[in-house]
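Biologist: Please show me how to read the features of this model, one at a time.

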Amino acid sequence: MGQHKLIFTGPVGAGKTTAIASISDEPPVRTDELASDMTKQRKPETTVALDYGVMHLPGDEKLHLYGTPGQERFDFMWDILATGGIGLMILINNNRPDPLKDLGFFLQRFDTLIQSTAVGIGVTQRDLKADPDITQYQQLLKQMNIKAPVFEVDARSRTDVSLLVQALLFTLDPGLKPEMENEYVESKTA
């Protein structure tokens, strides 16, 4: 049985906690507290340590899902959580003032992990603000010489988040059998 670790990161309000809860096959662990700074203007609670969930994959494989706090003042947790990760999932809230700048920041901050593994980008809340579009995110990645799948994602949707995770897993191991992964998504969304 394989045990693997996938890290979810991104700014406050990008949907990390929600995404992990939507795909976890076990009740997720959350460390949310009442927001006491500027964050409370965006949402009443914020993650202060980590979010944790488990995704069961075919063949008795487990994917442990760790979500980082979005606030930089908790960035000491970012390095702790990233240790041993097989990949990084960056969620970006398209409704923030400069989501492309947010993506650039997290790509640079997690550069060491990305260089040794892979990254997937999920753009949330495009229903609230359509610009920038997915092409602009892809252009930024190209400028930074980073190859990564980029998807519009509703963090509440198990299907959306599962497809993003699959895309990252295929980036890590192109030999994965698509039909096995499709069975996983179909069984979990039925």
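**Reading the model**

Modeller: Gln 125 is located in the loop between β6 and α5, where helices (H or I, at least four residues) and strands (E, at least two) are DSSP runs numbered from the N terminus. This is a predicted model, in which local features need pLDDT of at least 70 and side-chain atom pairs count only at pLDDT 80 or more, while totals for chains, interfaces and linings use all residues. Residues are numbered from 1 along each chain as its sequence is written, and side-chain values use heavy atoms, leaving out hydrogens and water.

Biologist: What is the mean pLDDT of the protein?

Modeller: pLDDT is the predictor's confidence in each residue, from 0 to 100. Here the mean is 82, and 76% of the residues reach 70 or more. Over residues 179–190, however, the pLDDT is below 50.

Biologist: Is Gln 125 buried, partly exposed or exposed?

Modeller: Buried means under 20% relative accessible area, exposed over 50%, and partly exposed in between (1.4 Å probe, protein chains only). Gln 125, at 27%, counts as partly exposed. Its phi is near 60°, a positive value in a residue other than glycine. Asp 60, in the loop between β3 (45–57) and β4 (61–67), also has a positive phi, of about 60°. With a relative accessible area of 57%, Asp 60 is exposed.

Biologist: Why is strand β6 described as largely enclosed?

Modeller: Six of the six residues of β6 (residues 119–124) are buried, so the strand is largely enclosed by the rest of the structure. Val 119, Ile 121 and Val 123 point one way, and Gly 120, Gly 122 and Thr 124 the other way.

Biologist: Which way does β5 run relative to β6, parallel or antiparallel?

Modeller: Two strands pair if DSSP finds at least two bridges between them. Strand β5 (residues 87–93) is joined to β6 by six bridges, and the two run parallel; Met 89 stands opposite Gly 120. Strand β7 (residues 150–152) is joined to β6 by three bridges, again in parallel, with Val 123 opposite Glu 152.

Biologist: At what angle do helices α1 and α6 pack?

Modeller: Axes are lines fitted to C-alpha atoms, for helices over the stretch in contact, and angles run from 0 to 180 degrees between N-to-C directions. Helix α1 (residues 16–23) and helix α6 (residues 158–172) pack at about 95°, with axes 9 Å apart. That makes α1 roughly perpendicular to α6 (65 to 115 degrees; under 35 is roughly parallel, over 145 roughly antiparallel, the rest oblique).

Definitions and conventions: Contact means heavy atoms within 4.5 Å.
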